[in-house]
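Hi everyone, thanks for coming. Please have a look at the structure on the screen, and I'll walk you through a few local details.

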Amino acid sequence: MSIRRTTKAARGAVATASAVGLALVVTGCGGDGGAPAADGKKPVAHSSAALKQNDPGAPADDADKVIGEMKGADGVVVTLHSVIRDAGGFVTVNGTVANHGTRAFNAVDWRSHESELRSRSSISGATLVDKAGKKRYLVLRDTNGECLCTTGLSGLQPGASRPIFAQFPAPPAKVTEVDFQLPTMPPASVQITD
């Protein structure tokens, strides 16, 4: 056998093995939990609160309960419904942003300004402040640099509202009151529930 035929045969075997391996990997992923997205990136795992942001018309959890309110410029109002500490060491803030103004609202001023983060038109600039402990907690990020918070907050029309959420590292268990802050808005003091 010539070297040329041997090389061609080896290339064919490698291509076949690669195709079989790829087919096994794709089949092994099962469901959509680990399958790559169309752009080739692995999807980010989201909490149930994160999945709610995909349905802008869905009401926030405990939407009838109000534990805090922040009124900003141009008729923008953020109503806070819950601040829940979970067993995993996180605190999730749930609320609703409503546009009572006369022009569309874009949350570009509410995003964080770190250059390595990718979230745009989000509430990634939100913070929880433990005044007694003198600590500030920032919104958590995933491995792709996306915030664990509501994103795509652009073009909120007058009269419209949308559920929002943000996840933070949990303060120590003894901390039960924090200030929720968004850039350009006054802070709201809220109680953490378990």
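This is a predicted model: local features need pLDDT of at least 70, side-chain atom pairs count only at pLDDT 80 or more; totals for chains, interfaces and linings use all residues.

Let me start with a term: buried means under 20% relative accessible area, exposed means over 50%, and partly exposed is in between, with a 1.4 Å probe and protein chains only. Residues are numbered from 1 along each chain as its sequence is written, and side-chain values use heavy atoms, leaving out hydrogens and water.

Back to Thr184: its phi is near 75 degrees, a positive value in a residue other than glycine. Thr184 sits in the loop between strand S7 (177-181) and strand S8 (188-191); strands are DSSP runs of E, at least two residues, numbered from the N terminus. Asp74 also has a positive phi, about 60 degrees, although it is not a glycine. You'll find Asp74 in the loop between strand S1 (68-71) and strand S2 (76-85).

Now, how many aromatic pairs does the structure hold? There are 2. Rings of Phe, Tyr and Trp (its six-membered ring) pair if their centres lie within 6.5 Å; planes under 30 degrees apart are stacked, over 60 edge-to-face, and the rest tilted. Phe105 and Trp110 make a tilted pair, 5.0 Å centre to centre with 55 degrees between the planes, and both residues are buried. Phe168 and Phe180 are edge-to-face, because their planes are at 85 degrees, with centres 6.3 Å apart.

Conventions:
Helices (H or I, at least four residues) and strands (E, at least two) are DSSP runs, numbered from the N terminus.
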